[in-house]
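Let us walk through this protein one piece at a time.

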Amino acid sequence: MTESQRIPRQEMIDIIARIAGEDGDHPTIIPGLSVHRHSVSAKPNCAAYKPSLAIIVQGAKRVVLGEETLVYGASDYLLTSIDLPVLSQISLASPEEPYLSMVFQIDTTRLPALLDAIGPEAAKAPASPRGMTVSKLTPDLEDTALRLLRLLDRPDDIAVLLPLVEQELLYRLLLGPHGARLRQMATTESQPHQIGRAVSWLKEHYSRPLRIDDLASRVSMSVSSLHHHFKAITAMSPLQYQKQLRLQEARRLMLEERLDAGDAGHKVGYESQSQFSREYARHFGEPPRRDVGRVRRSLIGRSSGEVEMLSEG
């Protein structure tokens, strides 16, 4: 890293470390912007990623999407263009150099107007079909992200300057190596946009039995096309996607609402308790009761550093 690159990175580190004074996930006064700090590596945990830009300024993280693993650190950014259930893990952190990151939610409703301004000449084929990709952080994108963070110290400027900084951030992403994926997600009736509609339906109706032909008809695709493009973008089949949604929600119900495994499994759509326990153990590595007990103990022991990640930071 050159000296000119080190200066903005250090300022980003300083701002995030000051705002996130303690380990955890910290919303900010800027809508859609959160900052994150963790002083120890953590075990993998489920997370729900929305369309967003995530930048790590210190440390590293591992994200498991389907059967693929993405690793990114302080020279990278993670672009998510569609809602995705994942497993995430802080892989590099220490009390001396804690993991520090920022996440900014992408308002997809702002993309069409910006695409009109950019024009079709900027369109190109996606570098990857995936709805989640890692790229090197460019000086232009880093500079824009830094100006977004600086607004946290200038709350009176947010109302006027935030829309301008947000527009530049989206502009940089659209012209980046994976910007074409964002472009396609915002283009009505494109296949990625249709997959986005399928994802939205699955999120809203995850507890219902899934009929692939009905879902394909709902988003105006053939069954074969739905399968092909859904897996290309999410790294999962629609059934696998639904299963992850069910298991993550069941885990949340057991942790936050204190439901037992049988009630949680039934509430998310499982008719067979044994099937629920089997799929839960395969996904999280332990049967429901043992896994939930471990997470509760780790949350109680937060002060000792055993922090369970529950967000996308």
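**A buried tyrosine**

Tyrosine 270 counts as buried because its relative accessibility is 6% (buried is under 20% relative accessible area, exposed over 50%, partly exposed in between, with a 1.4 Å probe and protein chains only). Tyrosine 270 sits in the loop between α10 (261-267) and α11 (273-284). Helices here are DSSP runs of H or I with at least four residues, strands are runs of E with at least two, and both are numbered from the N terminus. Beyond neighbours within four places in sequence, tyrosine 270 is in contact with Lys243, Arg246, Leu247, Gly265, Gln275, Phe276 and Glu279 (contact means heavy atoms within 4.5 Å).

The model is predicted: local features need pLDDT of at least 70, side-chain atom pairs count only at pLDDT 80 or more, and totals for chains, interfaces and linings use all residues. Residues are numbered from 1 along each chain as its sequence is written, and side-chain values use heavy atoms, leaving out hydrogens and water. The average pLDDT is 89, and 90% of the residues score at least 70 (pLDDT is the predictor's confidence in each residue, from 0 to 100).

Now look at two helices. Helix α6 (residues 191-204) packs against helix α8 (residues 223-234) at about 85 degrees, with axes 10 Å apart. Axes are lines fitted to C-alpha atoms, for helices over the stretch in contact, and angles run from 0 to 180 degrees between N-to-C directions. The two helices are therefore roughly perpendicular (65 to 115 degrees; under 35 is roughly parallel, over 145 roughly antiparallel, the rest oblique). Ile195 and Leu202 of α6 are among the residues making the contact, as are Leu226 and Phe230 of α8.
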